[in-house]
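Please look at the sequence and the structure together. The paragraphs that follow lead through them step by step.

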Amino acid sequence: MKYIVLMGAPGAGKGTQAKLLEKRLGLPQISTGELFRQNFSKQTELGKLAKTYIDKGELVPDDVTVAMVRERLSQSDCANGCILDGFPRTLAQAAALDKLLAEFNSQINVVPYIRVDGDVLVDRLVKRAEIEGRTDDNLETIQNRMRVYFEQTAPLLDYYRTKGLLVEVDGDQPIEAVHNDLYQVVNAA
Ligand code: AMP
């Protein structure tokens, strides 16, 4: 079983890299952001609730997010592990994930951190807004997502570093090069 938690600021390329790893490793990518967006397309209560936070660049409450991840991880395609993209985002979520995996007699194998510097990130997000048309990719929301990332999610880097799980990858390289570095890191774990 391999449980991989991909870390990186908004715009670092987590989603792109998670999809490439999914293909190469045959492990499903679990993106909480995508799960929320799918729920919203289907107009579920969860999706409608999540949307009110997403559009402000705020985090969806931990209990809602953890319950959704619990359900997803229990599905059979995750039996051999998965690639988590965008979860956990708070220390409470990280603690909940440890507990959840312990229930499956498992644990996180590695936490690759795709490192990219601040100003490159905002540029990338503004470009993505033009291409994908995500409603949370406007400048004001982007700036709030960055603030939320630094306040609530960046502390997880130390949490995983202390556990000896964090491995840094230079995210300021072409997509293929980042992918190859990540692949090595994951294989070595
Ligand atoms: P993403 O697609 O990962 O950029 O996520 C888009 C938005 O979904 C975020 O800005 C949050 O509002 C929400 N979201 C995604 N993952 C989480 C999470 N683990 N905890 C809380 N909110 C989340």
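**A guided reading of the model**

Glycine 164 is found in the loop between helix 8 (155–162) and strand 5 (166–170); helices (H or I, at least four residues) and strands (E, at least two) are DSSP runs, numbered from the N terminus. Glycine 164 is exposed, with a relative accessible area of 61%; here buried means under 20% relative accessible area, exposed over 50%, and partly exposed in between (1.4 Å probe, protein chains only). Although glycine 164 and valine 110 are 54 residues apart along the chain, their C-alpha atoms are separated by 8.6 Å.

The model is a predicted one, in which local features need pLDDT of at least 70 and side-chain atom pairs count only at pLDDT 80 or more, while totals for chains, interfaces and linings use all residues. Residues are numbered from 1 along each chain as its sequence is written, and side-chain values use heavy atoms, with hydrogens and water left out.

The ligand may be considered next. Which residues are the closest to the ligand? Among the 16 residues that surround the ligand, the closest are Thr32, Glu58, Gly86, Arg89 and Gln93; a residue is near a molecule or strand if one of its heavy atoms lies within 4 Å of it. The residues of this shell divide into 5 nonpolar, 5 polar and 6 charged. In this division Ala, Val, Leu, Ile, Met, Phe, Trp, Tyr, Cys and Pro count as nonpolar, Asp, Glu, Lys and Arg as charged, and the others, Gly among them, as polar. Helix 2 (residues 32–41) supplies the largest share of the shell, 4 residues.

A polar backbone atom of glycine 86 is 2.9 Å from a nitrogen atom of the ligand. For arginine 89, a polar side-chain atom lies 2.9 Å from a nitrogen atom of the ligand, and for glutamine 93 a polar side-chain atom also lies 2.9 Å from a nitrogen atom of the ligand. Proline 88 is found in the loop between strand 3 (81–85) and helix 5, and the peptide bond from phenylalanine 87 to proline 88 is cis, with omega near 0°. Asparagine 105 lies in the loop between helix 5 and strand 4 (111–115). Phi of asparagine 105 is near 55°, a positive value in a residue other than glycine. Asparagine 105 counts as exposed because its relative accessible area is 71%.

Glutamine 43 belongs to the loop between helix 2 and helix 3 (45–54). Its phi is likewise positive, near 55°, in a residue other than glycine. Is glutamine 43 buried or partly exposed? With a relative accessible area of 42%, glutamine 43 is partly exposed.

Helix 9 (residues 175–188) contains asparagine 180, and histidine 179 lies in helix 9 as well. Histidine 179 has a relative accessible area of 4% and is therefore buried, whereas asparagine 180, at 34% relative accessibility, counts as partly exposed. The side chains of asparagine 180 and arginine 24 are joined by a polar contact of 3.2 Å. A polar contact is a pair of N or O atoms within 3.5 Å; within protein, one must be able to donate a hydrogen and the other to accept it, and residues adjacent in sequence count only if both atoms are side-chain atoms. Histidine 179 and glutamine 17 are 162 residues apart in sequence, and 6.2 Å apart in space, C-alpha to C-alpha.

Finally, leucine 6 is placed in strand 1 (residues 2–6). Leucine 6 counts as buried because its relative accessibility is 2%. From C-alpha to C-alpha, leucine 6 and leucine 166 are 9.6 Å apart in space and 160 residues apart in sequence.
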